[in-house]
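The sequence and the structure come first, and the text follows them.

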Amino acid sequence: MIQITNLSKTYVMGDTPVKALDGVTLTIEKGEFVAIMGPSGSGKSTLMHILGLLDVPDEGSYKLLGEEVSHLSEDELALLRSRTIGFIFQQFNLLARRSALQNVALPLIYSNFQASDDHAQELLGQVGLGNRLDHKPSELSGGQQQRVAIARSLINDPPLVFADEPTGNLDSASEEEIIQILTRLNEAGITVVIVTHEPEIGARTKRIIRMRDGKIQSDERVEHHPLPGPLPSRERGKESRKFSSGSFFKEMAEHFRQAFGSIVSNKIRSILSMLGILIGVAAVIAMLALGAGAKSSVETQLASLGSNLLVLRPGAARTQGVSLGAAAVSRLTLEDARDVKQNVESVSRVSPSVTGRGQVVYLDKNWSTQIQGVGPDYASMRASEPSSGRFFDEEENQKRARVAVIGKTIVRELFGTNNPLGEYFKINKVLFQVIGVLPEKGANGFRDQDDVIVIPLNTAMRRLLGKDYVDSIDIEVKDASLLDTAQNEIQELVQRRYRLDPNQQQKSFEVRNMADIQAALSETSKTLSWLLASIATISLVVGGIGIMNIMLVSVTERTREIGLRKALGAKRRDILMQFLIEAMVVSVTGGLIGVSLGWTVTYLMSKLSGWAAIVSSGSIILAFVFSAGIGIVFGLWPAKKASQLNPIQALRHE
Ligand code: ADP
Ligand code: MG
């Protein structure tokens, strides 16, 4: 069954090499019951680990079941180990947070051995623990724990069982139970190799091998036990046992089960690592929603400004409130407006306007508001087509008709819930009729853009405000690309008309480009969105680092578990997948909770503050994909680290 020749293993501690095994040659037949004895440090465990495929020798050959194994790869060793060898350790090495039954069934994951569902239960029954299936290791005595470990070593029905000082941590009563179980196993045909330094145990076996300083000192068969004859009823060996090929989906399902198991059994740790990602995702959702809300309200305002517009204003030549005097244009006239329209090629329409304040009265209601006198083109140029009623036309403007189009605030303050259309009211004691209601534009900074009454320009200039000049001229340009040209031409025109010093003209009147304002506004909202998005990204990354930290700590904390899983046959990939899935499940769950939290926070914020906030499906997908990604990226490193551990070193880890 086992044939080793000239096996050597040297550990280097600092500068001094320690020969743990020094040319060991040994043969163990099928069905033997062997005790390896010797003083501490003589190389017993090292030999055992090499025999158990947990470690590889530096030199020498090892034939297991007739096959040379000393040069197999790590994964090949893992598979062979899980299918042929059962291990019993001095420290039991049970998973602390799993039940006895789960512990016994653990190796099945890695061997794909087709055992019946109650095989684990049956084995626990055989070691006298049929009534302790759901107990956790901490709820069992030392002897009972070791019996669980023995049941676990038998789950794959192995032809070989190794036990490294299985009774080292036990009282004599438990010791007796363990040795009896091992004896029964051997009687059933299993080859048992046991490391011990207790002579009573040695005396119960059929062969005692004594070691000293890495060498075999003596090898004797115990007198009253002849070499085993023909094997008892059950023939053991690879051939008689069934292993499934292990489908990908079954394997993944198992990894998921293991990951979930360890998440659930470490609730606090899982919640803590979830928290980081949760807050990050919630922040992303809320920030993006606020950014989108801000952007859409800016866009509404932009639309209310009208497009392709230039505004010509006089008397902008004020520096710190002092007029620059003679060279400044202080008043624009209707002729200026006409001139601009006729002489500047790229201009399509103009609308001069005057403004003033007015006291308005309707029945017993009083209100002070802004009066704007404008041309009939104002409605389409300034996105002010009435939401109900109509705008005035050129004829009404020429006839100085007393008609008014009023803003929503005026409707509210004067007419309340009544329909204002057709009603008569007074502006500065002059009677006007309401013919239309302006579309709602909302507040622009501190100014309420709906607190306004629009009347025909001529009515305003001649009847109401008594002005013979205009305050500003709205100029519509044919195409947005012509805005700059038009702006220059208008500047030259005004300069010529008023014979301005070219060096002064910039300051004496002003052509404001609405596109500039729009650009500035959308630039601001873009900056805001970026700012919010970067804050959100930072919180996500911080959340990710949190996950990585906890994963790293968890890997360190669970080094023994990893060692055990590997000793039971887990391949690198198995460990990697388990930890990766754990990280992903944690981060995706955190992400999902974060999405709903972010949604709630956004909703509450927009309710409480009145800010516009728009949760887009894009931001949800982004946050979700990002959190899963963070789980993978930040889980990968610790998972990789865990998967690369050597099983023996990992098992020794304190
Ligand atoms: P035993 O099980 O007989 O007490 P071991 O096989 O554990 O002895 O150890 C044999 C020798 O190898 C000891 O001198 C020990 O110090 C040394 N040794 C074992 N493992 C390591 C290791 N990982 N690194 C360095 N030295 C080791
Ligand atoms: Mg030892």
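## The shell around ligand 1

With three residues, α1 gives the most to the shell around ligand 1. Helices (H or I, at least four residues) and strands (E, at least two) are DSSP runs, numbered from the N terminus. The model is predicted: local features need pLDDT of at least 70, side-chain atom pairs count only at pLDDT 80 or more, and totals for chains, interfaces and linings use all residues. Residues are numbered from 1 along each chain as its sequence is written, chains are lettered from A and ligands numbered from 1 in the order in which they are written, and side-chain values use heavy atoms, with hydrogens and water left out.

The shell draws at least two residues from each of β1 (2–13), β2 (16–28) and α1 (44–51). Ligand 1 is surrounded by 13 residues, and the closest are Gly41, Gly43, Lys44, Ser45 and Thr46. A residue is near a molecule if one of its heavy atoms lies within 4 Å of it. By class, the shell holds five nonpolar, six polar and two charged residues. Here Ala, Val, Leu, Ile, Met, Phe, Trp, Tyr, Cys and Pro count as nonpolar, Asp, Glu, Lys and Arg as charged, and the others, Gly among them, as polar.

## Polar contacts of ligand 1

A polar contact is a pair of N or O atoms within 3.5 Å. A backbone N or O atom of Gly41 is 2.7 Å from an oxygen atom of ligand 1. For Lys44, a polar backbone atom lies 2.9 Å from an oxygen atom of the ligand. Ser45 uses its side chain: an N or O atom there is 2.7 Å from an oxygen atom of ligand 1. Taken alone, ligand 1 exposes 560 Å², and the protein buries 72% of that (Shrake-Rupley method, 1.4 Å probe).

## A sheet of four strands

Strands β1 and β2 also belong to an open sheet of four strands, in the order β2-β1-β4-β5, with antiparallel pairing. Its edge strands are β2 and β5 (67–68), each of which pairs on one side only. Two strands pair if DSSP finds at least two bridges between them.

Five bridges join β1 to β4 (residues 59–64), and these strands run antiparallel. Thr5 stands opposite Ser61 in β4, and Gln3 stands opposite Lys63 in β4. Lys63 also stands opposite Glu68 in β5. Two bridges join β4 to β5. These two strands form a hairpin with two residues between them, and Leu65 in the turn has a positive phi of about 50 degrees.

## Cavities

How many cavities of 30 Å³ or more does a search of the whole structure find? The search finds five. A cavity is a set of points, on a 1 Å grid over the protein atoms alone, where a 1.4 Å probe fits but cannot get out; lining residues have an atom within 4 Å of a point. Grid points are joined across faces, edges and corners, and a volume is the space filled by probe spheres set on the points.

The largest cavity holds about 100 Å³ of space. Its lining includes Arg81, Phe87, Arg152 and Leu568. The largest share of this lining, three residues, comes from β6. Six of the lining residues are nonpolar, four polar and two charged. The second largest cavity has a volume of about 80 Å³, and its lining has four nonpolar, three polar and three charged residues. Helices α10 (267–305), α18 (514–557) and α20 (572–609) each supply at least two residues of that lining.

Key
1 Å grid on protein atoms, 1.4 Å probe; cavity = no way out; pocket = protein on both sides within 12 Å on 5 of 7 lines; lining within 4 Å. Polar contact = N/O pair within 3.5 Å; in protein donor to acceptor, adjacent residues only side chain to side chain.
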